[in-house]
Amino acid sequence: MSQPVSRRDAALAAIASTGAAVLRGQTDSAPGIGAIGLGNRFRAHLAALSQMPEARLTALSDLDSKKIDAVNAGLPSPAASYTDYRELLRDKNVGAVVIATPNFSHHDIAIAALRAGKDVLLEKPIAITYKEAREIQEEARRNGRILAIGMQRIFRSDIELVETIRRGEIGTPRLITSGEFRRDWFPGGWIYRDPATGKSANWRFMKGAIGSSELEFSIHLYATLCRIIGSPLKTLSATGGALHYRDRQIRDASSTIVEFASGLRLSHTYCMFAPQSPFVVVLGENGSLRREGGRLSLFDREGKPRPLPPVERPDGSDEVLMYRDFFECVRTRRQPQAGAGLAIEAAKIAYGQEISIAEGRVVTAGDFPA
């Protein structure tokens, strides 16, 4: 009788299968890539790289050697293998580093990579605190390195929302209201041991590992909204807590109101125990735009439906487009579309939520010194 395949073994097999298409031939158009963190999120990175002939995966690092073996099993020839990321950073065949590790580790690994002279594509969020985020941003500037953040939705999934507003279809945006209502986190996630308490749990249940639920999940929406708003945070007030999963360190619900320097107001509701279609409504001087699920609807000032103007979506998945931008930035040294500036402005909303809820006060721009 055959043995049942575990969830973990199935995931490793999928990684190996995807990796088979990644090319490692020599090319001048993209740097040798070192990947740090080969968990669930890295599968999307590997799938994107497999569609890009210029991609050269030259080194792999993960604490779990079985994950390294699974990726290497699908490559035409094995990449260098390291269970210590610091050894990967000393590899002269690595010109750029992809960091797809849990949130709490982003700061230390990104700083080390930038100091090692590597260009970096860092998974979102940029860091779990504002101070750490600014330190990463400054380290990239100091060392003259490219720093891109993995907020891939800005490249394709959210482009119609952004471009319809930028074309002036609703006039100047004045008010945005939004809601995200999801299921619980993936229950089979990596187990994190909190060094402060000694407690162990799914890393997304632990504040010290994730930062906050909104920082992990809603950061994609916040990045898109910050591109629409184009103005820094002025004040923020939030409420929330563990309303359903009461034994966890993280919130499962929150409600937030933000005022930006331009005068625009944003309201956002987050919930992870009652799934519903997510929505965004942007109200402007001359009409409004609503996205519910994946459907966009445009309305005039009287609330009557209007035809949506065509917006061309670029070819490729979000991740492929993100990598194309990253490789182009490495080649030309221009700043990435999803750079540290956008990542920090988006993360300020999540950082502000944490302060407002913990301290019971209104957060202001002064809480985020330049």
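Pro 125 sits in the loop that runs between S5 and H6. The model is a predicted one, and in it the peptide bond between Lys 124 and Pro 125 is cis, with omega at about -10°.

Helix H5, residues 106-115, is mostly covered, with seven of its 10 residues buried. These buried residues are His 106, His 107, Ile 109, Ala 110, Ile 111, Ala 113 and Leu 114. Their cover includes strand S5 (119-123) and helix H6 (130-143), together with strand S1 (32-36), helix H4 (85-89) and strand S4 (96-99). After H5 comes Gly 117, which has a positive phi near 85°.

A positive phi is also found at Arg 333, where the value is about 70° although Arg 333 is not a glycine. Arg 333 belongs to the loop between H11 and H12. Its relative accessibility is 35%, and it therefore counts as partly exposed.

Take H11 to begin with. Helix H11 (residues 318-332) packs with helix H2 (residues 40-49) at an angle of about 70°, and the axes are 8 Å apart. H2 is therefore roughly perpendicular to H11. On the H2 side the residues that meet the partner are Arg 41, Ala 44, His 45, Ala 48 and Leu 49, and on the H11 side they are Glu 319, Val 320, Met 322, Tyr 323 and Phe 327. Sorted by class, this contact has seven nonpolar residues, one polar residue and two charged residues.

The axes of helix H12 (residues 340-359) and helix H10 (residues 219-229) come within 8 Å and cross at roughly 120°. H10 and H12 are therefore oblique to each other, and their crossing is right-handed. H10 contributes Ile 219, Tyr 222, Ala 223, Cys 226 and Arg 227 to the contact, while H12 contributes Leu 342, Ala 343, Glu 345, Ala 346, Ala 347, Ile 349, Ala 350 and Gln 353. By class, the contact of H10 with H12 has 10 nonpolar, one polar and two charged residues.

How many disulfides does the structure hold? There are zero. For Cys 226 the reason is distance: the closest cysteine sulfur, in Cys 329, is 19 Å from the sulfur of Cys 226, too far for a bond, because a disulfide needs the two sulfur atoms within 2.5 Å. Cys 226 counts as buried, at 11% relative accessibility. Cys 271 is buried too, with a relative accessible area of 9%.

The last stop is Asp 184, in the loop between strand S7 (173-181) and strand S8 (191-193). Is Asp 184 buried or partly exposed? At 24% relative accessibility, Asp 184 counts as partly exposed, since buried means under 20%. Leaving aside residues up to four places away in sequence, Asp 184 touches Phe 205, Tyr 245, Arg 248 and Met 272. Between Asp 184 and Thr 239 there are 20 Å in space, C-alpha to C-alpha, and the two are 55 residues apart in sequence.

Conventions. Residues numbered from 1 in each chain as written. Predicted model: local features only at pLDDT ≥ 70, side-chain atom pairs only at ≥ 80, totals over all residues. Heavy atoms only, no water. Buried < 20%, exposed > 50% of the residue type's maximum accessible area, 1.4 Å probe, protein only. Axes fitted to C-alpha atoms, helices over the stretch in contact; angles between N-to-C directions. Helix = DSSP H or I, 4+ residues; strand = E, 2+ residues; numbered from the N terminus. Parallel < 35°, antiparallel > 145°, perpendicular 65-115°, else oblique. Left-handed = near helix turned anticlockwise from the far one by under 90°. Contact = heavy atoms within 4.5 Å. Nonpolar A, V, L, I, M, F, W, Y, C, P; charged D, E, K, R; others polar.
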